Amino acid sequence: MANQADNLNNLLKGELSAVQTYCMALDKAKTPNVVEVLSENKCCHEKRVEKLSQLVLNAGGEPVTESGAWGAFAKTVEAGSAVLGESPAIGSLQEGEDHGIELYKAEMKHLEPGTLAIVEQELFPAQQRTQEAISNLKPDKGN
């Protein structure tokens with residue numbers, strides 16, 4: 001599939017943006033459990049960056065190294081958390097994680113079977129876990 005590397009690079013851009021966003025949010029986070037969850041999620045996104053970069057190379061492409069337009073989202077999180085604190089940053093991170101789920105769902109439709117299996121069995125479940133971890137930090141989650 002000619003666009004395999006492009007589809008994987010779209011996922012990679014999202015993951016790079018997530019890492020950037022978590023770095024910014026961690027700079028502002030003060031609550032120990034929030035710092036712990038943000039650190040764990042950042043690490044998980046970094047692992048996905050590594051895996052996706054390898055998949056792009058395997059597909060004959062050149063892995064992107066910048067988040068591009070997704071980086072604007074990270075800057076919004078930074079600005080919000082600097083002015084308003086942890087709670088808005090967590091809300092923005094939740095939006096980013098939700099977007100990540102949708103991005104994976106959209107791009108998985110275009111992947112070759114071997115690559116799709118890796119994404120479905122490893123990367124997408126990891127995305128779901130980071131989304132759930134952030135969701136569990138929100139005070140208004142209904143629990």
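Helices here (H or I, at least four residues) are DSSP runs, numbered from the N terminus. The model is predicted: local features need pLDDT of at least 70, side-chain atom pairs count only at pLDDT 80 or more, and totals for chains, interfaces and linings use all residues. Residues are numbered from 1 along each chain as its sequence is written, and side-chain values use heavy atoms, with hydrogens and water left out.

**View 1. K109 sits in the loop between α4 and α5.** To find this loop, look between α4 (86-108) and α5 (113-135). K109 has a relative accessible area of 70%, so it is exposed (over 50%, while buried means under 20% and partly exposed lies in between, with a 1.4 Å probe and protein chains only). Now look for N7: it is 102 residues from K109 in sequence, yet the two are 9.5 Å apart in space, C-alpha to C-alpha.

**View 2. L16 is a buried residue of helix α1.** Helix α1 covers residues 4-28. L16 counts as buried because its relative accessible area is 18%. Leaving aside neighbours within four places in sequence, L16 is in contact with V49, V64, T65, E66 and S67 (contact means heavy atoms within 4.5 Å). H45 is 29 residues away from L16 along the chain, and their C-alpha atoms are separated by 7.7 Å.

**View 3. S53 is found in helix α2.** This helix spans residues 32-58. With 18% relative accessibility, S53 counts as buried. Apart from neighbours within four places in sequence, S53 touches L12 and P63.

**View 4. Helices α1 and α2 pack together.** Two packed helices are described by the angle between their axes and the distance between the axes. The axes are lines fitted to C-alpha atoms, for helices over the stretch in contact, and angles run from 0 to 180 degrees between N-to-C directions. For α1 and α2 the angle is about 155 degrees and the axes are 9 Å apart. That angle makes α1 roughly antiparallel to α2 (angles over 145 degrees). The residues of this contact divide into 17 nonpolar, five polar and four charged (Ala, Val, Leu, Ile, Met, Phe, Trp, Tyr, Cys and Pro count as nonpolar, Asp, Glu, Lys and Arg as charged, and the others, Gly among them, as polar).

**View 5. Helices α2 and α4 also pack together.** Their angle is about 30 degrees, with axes 13 Å apart. That makes α2 roughly parallel to α4 (angles under 35 degrees). Residues making the contact include L38 and H45 of α2 and I90 and Y104 of α4.

Definitions and conventions. Helices (H or I, at least four residues) and strands (E, at least two) are DSSP runs, numbered from the N terminus. Angles under 35 degrees count as roughly parallel, over 145 as roughly antiparallel, 65 to 115 as roughly perpendicular and the rest as oblique.
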